[in-house]
Amino acid sequence: MDKTGPQALAQQVMTNPKYKTIVNSLVVRLSHEAISIGLTGKAAVKYVRNKLHQVGGAYFKQTIDYAAEQSQLAQLPTDLHSDQVAAFCQKTMRSHASTAERLPILAEFFQTCLAPIAPVTSVLDLACGLNPLAIPWMPLSGSAQYFACDIYLDMLGLIESFFIHVNLDGKTSACDLVSAIPIQEVQVAFLLKSIPCLEQMDKRIGLRLLEGIQAQHILVSFPVHSLGGKNKGMQEFYGEHFTEMIKDKSWRVREFHFKTELAFLVSK
Ligand SMILES: C[S@@+](CC[C@H](N)C(=O)[O-])C[C@H]1O[C@@H](n2cnc3c(N)ncnc32)[C@H](O)[C@@H]1O
C-alpha cells in the first residue's frame, strides 16, 4: 500500500477509537480530499478527523457503551409498544443530540408529519442516527418495512439488534450519502436534520438526494437551534434555503413547525 495514499491516511485516522467504527469509504474519501488540497502528515490526519467530528462525532452527547445497550435490550419484552421498550428507546435516544432534542415532540412530530400518508408501509431512514428507536411513536402499518443507514457501524449494529428483538422487518446498512444514494424503493424516506450536515461535505447534496431517492414521499427536516442551543434565525434561514432548493420542482410540499424542528413532507 502507498504509505502516503488515501488508504494509509484513513488507517491512521482510524487508529483513534472515536473514528474506528465509521464506514471506511467515507474516511478514505475525506483522506483523498485532504491529500488533494496538499495536506500531509499530522495536518492531513487532523483535517479528516475534524471533518468526521463535524459531521458525526459532534452529535454524541456521551460515549455510547454499545455492549451495555445490547445487554439491556436483550432483557426487554419483545412488544414494541411495551413501557419498558419505550423507556429504553427514550433513554438511548438521549445520547445523540439530534434525537435528544426531538424527545419533547416525539409523538406529535411523527403523528402530525406522517398523518397524510399513514399507515406507513415502508421507510428509508437516511443518515438515521438513533432515530429508528423512535419507531414506537411512528404510525407504521403492522407489516411495515424499515431500512436505515448511517456512517457508524456500531450504532447500526444496535439498531439491527433492536429490529430483530421487536420482530420488525428492518435492515441497516452503512452508507456515505455523498458518494452514493440508496436505491431501495419505499413509500417514504426520512431526511431528518441531515441536509445541513451533509452540505458541509457537498453543497449540492440536498437537491441531489431529493431527486435521487426512490420514494413517493420524503420527510425532510431542519434544526431550529444550533448544536450549542442558540437560535440564530435558523428556522427562517433553513425555510428559505429549502424553498430555494426545490423552487423548480412541481412537488407537493406540506410544512410543519415544531418547537425544536422545522419539517416538510414532499410528495413527488
Ligand atoms: C443531524 S444528525 C441527524 C440524525 C437523524 N437523522 C435524526 O434526525 O436524529 C446527522 C446524521 O448524519 C450522519 N452522517 C454524517 N455524514 C454522513 C454521510 N456522509 N452519509 C450518511 N450519514 C451521514 C451522522 O452520523 C448523523 O447521524
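Helices (H or I, at least four residues) and strands (E, at least two) are DSSP runs here, numbered from the N terminus. This is a predicted model, so treat it as one: local features need pLDDT of at least 70, side-chain atom pairs count only at pLDDT 80 or more, and totals for chains, interfaces and linings use all residues. Residues are numbered from 1 along each chain as its sequence is written.

**Stop one: a loop with a cis bond**

Select P119, which sits in the loop between α7 (106-114) and β1 (120-126). Look at the bond behind P119: a cis peptide bond joins A118 and P119, with omega about 0°. Now go to A127, in the loop between β1 and β2 (140-150). A127 isn't a glycine, yet its phi is positive, near 50°. As background, most residues other than glycine have a negative phi, and most peptide bonds are trans.

**Stop two: the ligand**

Keep A127 selected and show the ligand. Which residues are closest to the ligand? They are S98, A127, G129, L177 and L192, out of 22 residues that surround the ligand (a residue is near a molecule or strand if its C-beta atom, placed from the backbone, lies within 6 Å of it). Colour α6 (97-100) and α9 (195-198) too, as each supplies at least two residues of this shell. By class, the shell has 13 nonpolar, 6 polar and 3 charged residues. For these classes, Ala, Val, Leu, Ile, Met, Phe, Trp, Tyr, Cys and Pro count as nonpolar, Asp, Glu, Lys and Arg as charged, and the others, Gly among them, as polar.

**Stop three: two domains**

Zoom out and colour 6-55 as domain 1 and 78-267 as domain 2 (the bounds come from an automatic or database domain assignment). Their C-alpha centres lie 27 Å apart. Where they touch, domain 1 puts in 8 residues and domain 2 puts in 11 (two residues are in contact if their C-beta atoms, placed from the backbone, lie within 7 Å). On the domain 1 side, α2 (24-36) and α3 (41-55) are the elements giving two or more residues, and α2 gives the most, with 3. That side has 4 nonpolar, 3 polar and 1 charged residues.

**Stop four: α1 and its partners**

Select α1 (residues 6-13) together with α3: their axes come within 10 Å and cross at roughly 70° (axes are lines fitted to C-alpha atoms, for helices over the stretch in contact, and angles run from 0 to 180 degrees between N-to-C directions). That makes α1 roughly perpendicular to α3 (angles under 35 degrees count as roughly parallel, over 145 as roughly antiparallel, 65 to 115 as roughly perpendicular and the rest as oblique). Show L9, Q12 and V13 of α1 with A44, V45, V48 and R49 of α3 to see the contact.

α1 and α2 pack at about 115°, and their axes are 8 Å apart. On the α1 side, pick P6, Q7, L9, A10 and V13; on the α2 side, the contact includes N24, V27 and V28.

**Last stop: α4 alongside α8**

Select helix α4 (residues 66-75) and helix α8 (residues 153-165), whose axes come within 10 Å and cross at roughly 5°. That makes α4 roughly parallel to α8. Y66, E69, Q70 and L73 in α4 meet a set in α8 that includes D154, L158 and F162.
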